[in-house]
Amino acid sequence: MKNKKDKFIINGGKELHGKIVVQTSKNAVLPIISASLLADEGDVELVNCPQITDVSNMLAIMRKLNVKVSKHGKNYVLNPSQASNSKIDCRLIKSMRSSIFLLGSTLSRFKTTTISLPGGCKIGARPIDIHINSLKSLGVEVKTFGDQLFFDATHAHAGSVELKLPSVGATENLVQFACKLPGKTTIINAAREPEVVDLCHFLNAMGAKIVGAGGKKITIYGQANLKGVKYKPIGDRIVAGTIMIAVAICGGKVSLENVEPSHNKKLIEILCRIGCKIDTKNDILTISKQNSLMPFNRISTGFYPAFPTDLQSQMLALSIFLPAKNRVKEIVFENRFLIASELEKLGAEIKYLSQNEVEISAQNLAAVSLIARDLRGGASLVLASLGIKGQSEVSSVHYIDRGYESLEKMFAKLGADIKRE
Ligand code: UD1
């Protein structure tokens with residue numbers, strides 16, 4: 001939700017030094033909260049949850065479904081024993097797309113689910129055909145009533161589902177839906193993202209039998225009963241990547257704890273290639289930059305293990321500090337260059353080579369006022385401002401609060417001059 005203190009004031013040009021414990025992954029925690037609805041007995045305790053608005057919104061929806069939720073420090077305890085059927089009201093969570101992740105668990109738990117898609121809700125603008133068609137192929141009936149979608153799983157059955165694209169959300173829905181469906185369900189062309197794997201680990205810890213997560217084929221053997229567990233989701237690879245790119249922009253040396261380096265393999269390769277030094281030991285990654293960097297020339301996003309779309313905007317921000325012209329291509333989402341016009345205000349020159357590929361260069365950069373328009377793009381404007389001498393402002397930071405736990409405090413801890421106003 002938007003709050004009054006919706007702006008960061010940044011005096012850029014300072015190096016970053018110090019240590020950060022990376023927050024828990026937003027994209028792992030959200031579907032795991034949804035999947036906790038599948039526990040037939042006992043509490044689900046989620047350890048060290050990120051204090052971000054997407055998580056508080058998701059928990060508000062769980063409460064609407066009559067799941068008991070309590071907070072103990074940064075741990076949340078969820079008890080779904082009294083959960084009851086309810087519509088998933090998109091109006092509650094206008095700013096969050098993750099309501100769609102509730103489809104699999106609510107349908108498994110209640111056998112019917114209604115999702116409302118009011119005008120203006122972002123989820124309505126995104127295709128959900130893969131979610132719908134894959135559930136249909138498992139015998140789920142889907143009916144449309146005005147702006148509402150009604151799902152009925154009374155006659156659902158296990159089976160084989162092939163996804164036309166490895167959609168993260170659709171894979172997570174199917175896994176949640178199938179883990180209590182009698183028989184064997186296979187997902188072909190499944191998403192391979194670490195957050196999908198973490199969801200499957202969580203469900204297996206609850207007693208599910210899911211095999212092959214992280215590969216292109218996931219097999220789920222339906223189990224009758226699942227029980228509550230205490231679970232610590234993975235660290236946030238996108239937050240880790242954001243900080244790594246910030247060090248590449250600002251210089252300095254930062255150690256990140258709670259990182260699985262293999263989750264950021266592509267980013268690490270690129271940052272090392274252009275001149276950063278990166279060491280990893282267990283779950284600690286240390287990045288430093290002493291000298292000026294080389295261009296990365298060209299990157300393209302893709303489905304995991306390719307370069308993540310959620311770090312694409314941060315790479316746009318980095319490119320304005322690199323020599324020569326660099327190209328960034330977006331494969332996963334069409335039109336994800338929302339920050340291009342803001343970077344131009346700083347002095348970047350951005351040429352569209354096609355609708356999904358830009359070429360960026362910059363000569364003279366100057367600190368100015370910028371407006372965040374989305375979560376990752378907003379964080380990237382902060383990175384750009386941290387790298388430019390002088391006072392910048394980034395407003396509408398409620399977008400950033402959706403996914404970053406006090407981004408300004410984290411950078412201030414590393415020596416940046418940034419405050420919320
Ligand atoms: C998740 C992540 C998001 C990330 C994205 C891609 C969460 C909460 N969000 O989003 O941060 O950017 O994965 O890594 O985990 N598509 C269809 N039809 C569908 C579903 C998807 O055409 O039914 C398309 C989308 O428009 C997009 C592509 O498939 O072009 C990938 O989307 P998907 O993997 O589903 O992303 P999300 O799960 O929404």
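# Briefing: domain interface and local features

In this structure, 17 residues of domain 1 are in contact with 18 residues of domain 2, where contact means heavy atoms within 4.5 Å. The model is predicted, so local features need pLDDT of at least 70 and side-chain atom pairs count only at pLDDT 80 or more, while totals for chains, interfaces and linings use all residues. Residues are numbered from 1 along each chain as its sequence is written, and side-chain values use heavy atoms, with hydrogens and water left out.

**Domains and their interface**

- The assignment gives domain 1 as 7–23 + 235–420 and domain 2 as 26–231; such bounds come from an automatic or database domain assignment.
- The centres of the two domains, taken over C-alpha atoms, are 31 Å apart.
- About 1500 Å² is buried between domain 1 and domain 2, with carbon and sulfur atoms giving 49% of this area. Buried area here is the accessible area (1.4 Å probe) that two parts lose on being put together, summed over both.
- Between the domains there are eight residue pairs in polar contact, both residues being at pLDDT 80 or more. A polar contact is a pair of N or O atoms within 3.5 Å; within protein, one must be able to donate a hydrogen and the other to accept it, and residues adjacent in sequence count only if both atoms are side-chain atoms.
- Helix H12 (375–386) and helix H13 (398–401) each supply at least two residues of the side of domain 1 that touches domain 2. Helices (H or I, at least four residues) and strands (E, at least two) are DSSP runs, numbered from the N terminus.

**Salt bridges**

- The model has 16 salt bridges, three of them between domain 1 and domain 2. The rule asks for a side-chain nitrogen of Lys or Arg within 4 Å of a carboxyl oxygen of Asp or Glu.
- Arg-402 pairs with Asp-54, and their closest N and O atoms are 3.0 Å apart.
- Lys-74 and Glu-405 form a salt bridge with an N to O distance of 3.0 Å. Lys-74 lies in the loop between strand S4 (68–72) and strand S5 (75–79) and Glu-405 in the loop between H13 and helix H14 (407–413), so this pair ties together parts that are 331 residues apart in sequence.
- Lys-74 is partly exposed at 33% relative accessible area; buried means under 20%, exposed over 50%, and partly exposed in between (1.4 Å probe, protein chains only).
- In helix H9 (residues 265–274), Lys-265 and Glu-269 are four residues apart, about one turn of the helix, and form a salt bridge at 3.6 Å. Lys-265 is exposed at 52%, whereas Glu-269 is partly exposed at 40%.
- In helix H11 (residues 340–346), Glu-342 and Lys-345 are three residues apart, about one turn of the helix, and their side chains meet in a salt bridge at 3.0 Å. Glu-342 is buried at 2%, whereas Lys-345 is partly exposed at 41%.

**Helix H1**

- Nine of the ten residues of H1 (residues 26–35) are buried, among them Lys-26, Leu-30, Pro-31 and Ile-33.
- At the start of H1, a side-chain oxygen of Ser-25 comes within 3.3 Å of the backbone nitrogen of Asn-27.

**The loop between S18 and H10**

- Thr-309 sits in the loop between strand S18 (298–300) and helix H10 (312–319) and is buried, with a relative accessible area of 11%.
- The side chains of Thr-309 and Arg-336 make a polar contact of 2.6 Å.
- Not counting residues up to four places away in sequence, Thr-309 touches Thr-301, Glu-330, Val-332, Phe-333 and Arg-336.
- Pro-305 also lies in this loop, and the peptide bond joining Tyr-304 and Pro-305 is cis, with omega about 15°.

- Most residues other than glycine have a negative phi, and most peptide bonds are trans.
- Asn-189 has a positive phi of about 65°. Asn-189 lies in the loop between strand S11 (184–188) and helix H7 (194–205) and is partly exposed at 23%.
- Asn-282 has a positive phi of about 50°. Asn-282 is in the loop between strand S16 (277–281) and strand S17 (284–289) and is exposed at 70%.

**Cysteines**

- There are zero disulfides, a disulfide being a pair of cysteine sulfur atoms within 2.5 Å.
- The sulfur of Cys-250 is 11 Å from the closest cysteine sulfur, that of Cys-276, which is too far for a bond; Cys-250 is buried at 13%.
- For Cys-272 the closest cysteine sulfur is also in Cys-276, at 7.3 Å, again too far for a bond; Cys-272 is partly exposed at 34%.
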